[in-house]
Amino acid sequence: MAFTTTQTDAQAIMALEARHVVHSYARAPFVLTHGEGVYLYDSDGKRYLDMVAGIAVNALGHGDPELAAAIAQQATRMIHVSNLYHTAPHAELAAKLCGLSFADRVFFNNSGSEANETAIKFARKLARTRGIGKKSDSGKTQIVAFTDAFHGRTMGALAATPREKYQAPFRPLMPDVVVAPFNDLEAAARLVWPGTCAVIVEPVQGEGGIHAATPEFLQLLRERCDRFEAALIFDEVQCGVGRTGTLWAYEAAGVTPDIMTLAKPLAGGLPIGAALVTEQVASVIEPGDHGSTFAGGPLVTTAAQVVLNRISQPDFLAHVREVGNYLKERLEELNSPLIREVRGRGLMLGLELTISAQDVVQAGWSHGLLLVNAGPNVVRLVPPLILEKSHVDELIDKLQPILSGLQTA
Ligand SMILES: Cc1ncc(COP(=O)(O)O)c(C=O)c1O
């Protein structure tokens with residue numbers, strides 16, 4: 001297949017975008033045209049090793065033939081019908097997600113933020129049936145979130161994303177959110193009380209710098225939520241669907257939530273979100289309580305079934321663990337004075353540096369390497385889950401000179 005964007009076209013495309021697109025993103029200075037496996041290509045034909053995967057999205061890499069064929073076939077049959085009607089892909093995906101997790105039921109969304117909005121709304125409604133005197137104004141409305149969390153940029157999810165830079169321009173936010181230090185058992189025990197409606201936590205924090213919750217922390221949150229009848233929400237938008245080497249990140253702690261949110265990789269790059277819930281949560285939701293025009297449409301749910309079928313195979317997950325361990329080892333061997341720590345699980349790793357992560361990201365472009373940061377000093381590695389050890393070697397061969405160059409700069 002030929003992809004014939006010329007250099008002049010690339011300049012024209014970037015100029016057009018600069019002129020007409022809202023300036024909310026700082027994009028890399030090239031135009032991507034296509035991808036294959038773990039590689040992306042720009043309009044000059046330059047190849048990049050993709051260690052970003054659309055920010056933990058393209059789990060099966062680029063141009064996966066099975067995924068592409070399923071999408072193409074479904075597109076010719078039926079792309080959208082709305083939630084006024086039953087369709088098989090929607091029902092089948094929900095059944096698969098429940099069969100593979102703690103959940104009894106699923107509510108589909110179009111993104112991670114939206115899935116978290118769903119989680120908050122469902123938790124609020126559930127709390128109304130549980131509060132003192134079980135009145136609608138029970139006061140059981142408080143949401144507990146944690147430092148360095150990222151739950152999205154819509155108003156509810158943003159209120160639970162305690163980053164001044166993200167929140168300040170948009171206040172007032174949704175009220176009644178309290179923030180506790182992540183992984184601090186004592187503080188969490190103090191803050192969860194009868195007025196708590198829900199606790200929302202990422203089992204492995206992504207944007208906040210790749211920090212895993214300890215099993216004891218998640219277990220304590222489960223205990224406190226049970227004791228005070230609060231909903232425990234796991235945001236697995238970034239760490240779920242095989243990313244950490246188990247299908248769900250919560251498996252490492254042996255704790256299940258009442259609600260779990262998914263998005264990024266679930267449909268292999270098509271926009272999807274999902275809130276997976278227990279029967280108890282689902283039982284308080286009635287027709288009209290929540291909805292979405294696009295969510296759970298036949299195209300995205302067909303794609304998601306391909307992704308889920310592949311990733312949930314024990315061999316696939318074993319591959320993620322094996323290549324993830326190898327990647328971690330090779331990063332640890334890098335032995336650069338600029339590296340403070342290598343952390344994370346599976347193919348969700350963070351390289352904490354003494355310098356700006358963005359400097360490494362930018363240096364990567366000329367070496368044919370795509371990286372993304374997670375906070376100011378952490379380079380985040382969230383490649384396609386089909387990454388092989390040979391790709392890890394290629395990454396290390398590119399990273400070594402980048403770090404040496406920045407060390408002497
Ligand atoms: C853990 C987590 N939750 C929620 C979101 C928001 O997802 P989206 O950008 O699809 O709205 C993100 C996005 O990075 C995320 O990492």
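Keep in mind that the model is predicted.

Let's start with the core. The largest nonpolar core holds 103 residues. Which residues have the most contacts inside it? They are Leu97, Phe146, Ile311, Leu331 and Leu371. Now, where does this core sit relative to the domains? Domain 1 covers 7-63 + 314-408, and domain 2 covers 66-311. Both give residues to the core, so it lies between them.

Take Leu97 as an example. Setting aside residues up to four places away in sequence, Leu97 touches Val106, Phe108, Trp248, Leu262, Leu266, Leu276 and Leu308. There is also a second, separate core. That one has 21 residues, including Ala123, Ile200, Ile233 and Ala282. As background, nonpolar side chains in soluble globular proteins tend to be buried together.

Next, the strands. E1 spans residues 32-36 and pairs with E2 in the antiparallel sense, over four bridges. Glu36 has Tyr39 in E2 as its bridge partner. The E1 and E2 hairpin leaves two residues between the strands. Gly37 there takes a positive phi near 60 degrees.

Leu40 has Tyr48 in E3 as its bridge partner. This hairpin has four residues between its strands, and Gly45 in the turn has a positive phi of about 85 degrees.

Last point: which way do the E2 side chains face? Tyr39 and Tyr41 point one way, Leu40 and Asp42 the other. Buried or exposed? All of them are buried. Side chains in a regular strand alternate between the two faces of the sheet.

Key. Residues numbered from 1 in each chain as written. Predicted model: local features only at pLDDT ≥ 70, side-chain atom pairs only at ≥ 80, totals over all residues. Heavy atoms only, no water. Core = buried A, V, L, I, M, F, W, Y, C linked by side-chain atoms within 4.5 Å. Buried < 20%, exposed > 50% of the residue type's maximum accessible area, 1.4 Å probe, protein only. Domains from an automatic or database assignment. Contact = heavy atoms within 4.5 Å. Pairing = 2+ DSSP bridges.
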